[in-house]
Amino acid sequence: MATIAKGTAITVAHAAGRRDVILDRSLLLDNGIFGLEHMDQRARSFILLRSQIMNGFHADGGRILAITSTQAGNGKTFVTTNLATALCLIQPTILIDFDLR
C-alpha cells in the first residue's frame, strides 16, 4: 500500500550543497504526513489538490504558493506539509513554514 519504504533516501538542498536524508515511513505516518503514500485514502485529497495546482496555477507560470489564515489551529502546517510531500514526487519542492505573529 505504501509508495516509500522505511529508510528511503531523498536528496535535499541546503546552504552547503545537497545531501541525502533518510525518511522513516512509520515516523512520517505517525506525524500525519500522508502525501507520499499515494494508495493511502488520507493522501487522496492532497494528490487531488496537487493535480489542481499543477493544471492551473503552475501551468500558468505560477511558482510560489502561500497558504495562510487569520487564526492559529486551522491546519495550515498539516495541509502544507502533505501538499509539499505530494508535490515533491513530481516537482522539485521547497517548503518554508514560519509564523508571522
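# Chat about a predicted chain

User: What is the accessible surface of the protein chain, and how much of it belongs to carbon and sulfur atoms?
Analyst: The model is predicted. Its protein chain has an accessible surface of about 7400 Å². Carbon and sulfur atoms account for 56% of that.

User: OK. What secondary structure does the chain have?
Analyst: It has three helices and two strands. Along the sequence the pattern reads β-β-α-α-α.

User: How much of the chain is buried?
Analyst: The chain has 101 residues, and 26% of them count as buried.

User: Let's talk aromatics. How many aromatic pairs are there?
Analyst: The whole structure has two. One is F34 with F78. Their ring centres are 6.5 Å apart and their planes are at 75 degrees, so this pair is edge-to-face.

User: Where do F34 and F78 sit?
Analyst: F34 is in the loop between α1 (25-30) and α2, while F78 is in helix α3.

User: Is F34 buried or exposed?
Analyst: Buried, because its relative accessibility is 9% and the cut-off is under 20%. F78 is partly exposed, at 41%.

User: And which residue makes the other pair with F78?
Analyst: F46 does. Those ring centres are 5.5 Å apart, with planes at 75 degrees, so this pair is edge-to-face. F46 lies in helix α2 and F78 in helix α3, so the pair ties together parts 32 residues apart in sequence. F46 is buried, with a relative accessible area of 6%.

User: What do F34, F46 and F78 form?
Analyst: One aromatic cluster.

User: New topic. Where is R50?
Analyst: In helix α2, which covers residues 44-55.

User: Why does R50 count as buried?
Analyst: Because its relative accessibility is 14%, and buried means under 20%.

User: What is R50 in contact with?
Analyst: Leaving aside neighbours within four places in sequence, R50 is in contact with L83, A86, L87, L89 and I90.

User: How far is R50 from G35?
Analyst: Their C-alpha atoms are separated by 9.8 Å. Along the chain they are 15 residues apart.

User: Last one: pockets. How much space lies in the largest pocket?
Analyst: About 1200 Å³. The lining has 35 residues, and L65, A66, I67, L95 and I96 lie nearest the centre.

User: Which elements give two or more residues to that lining?
Analyst: α2 and α3 (76-88). The largest share comes from α3, with six residues.

User: How do the lining residues divide?
Analyst: Into 17 nonpolar, 13 polar and five charged.

Key:
Residues numbered from 1 in each chain as written. Predicted model: local features only at pLDDT ≥ 70, side-chain atom pairs only at ≥ 80, totals over all residues. Heavy atoms only, no water. Helix = DSSP H or I, 4+ residues; strand = E, 2+ residues; numbered from the N terminus. Buried < 20%, exposed > 50% of the residue type's maximum accessible area, 1.4 Å probe, protein only. Areas by Shrake-Rupley, 256 points an atom, 1.4 Å probe, with all protein chains shown as cover. Contact = heavy atoms within 4.5 Å. 1 Å grid on protein atoms, 1.4 Å probe; cavity = no way out; pocket = protein on both sides within 12 Å on 5 of 7 lines; lining within 4 Å. Points joined across faces, edges and corners; volume = space filled by probe spheres on them. Nonpolar A, V, L, I, M, F, W, Y, C, P; charged D, E, K, R; others polar. Phe/Tyr/Trp six-rings, centres within 6.5 Å; stacked < 30°, edge-to-face > 60°.
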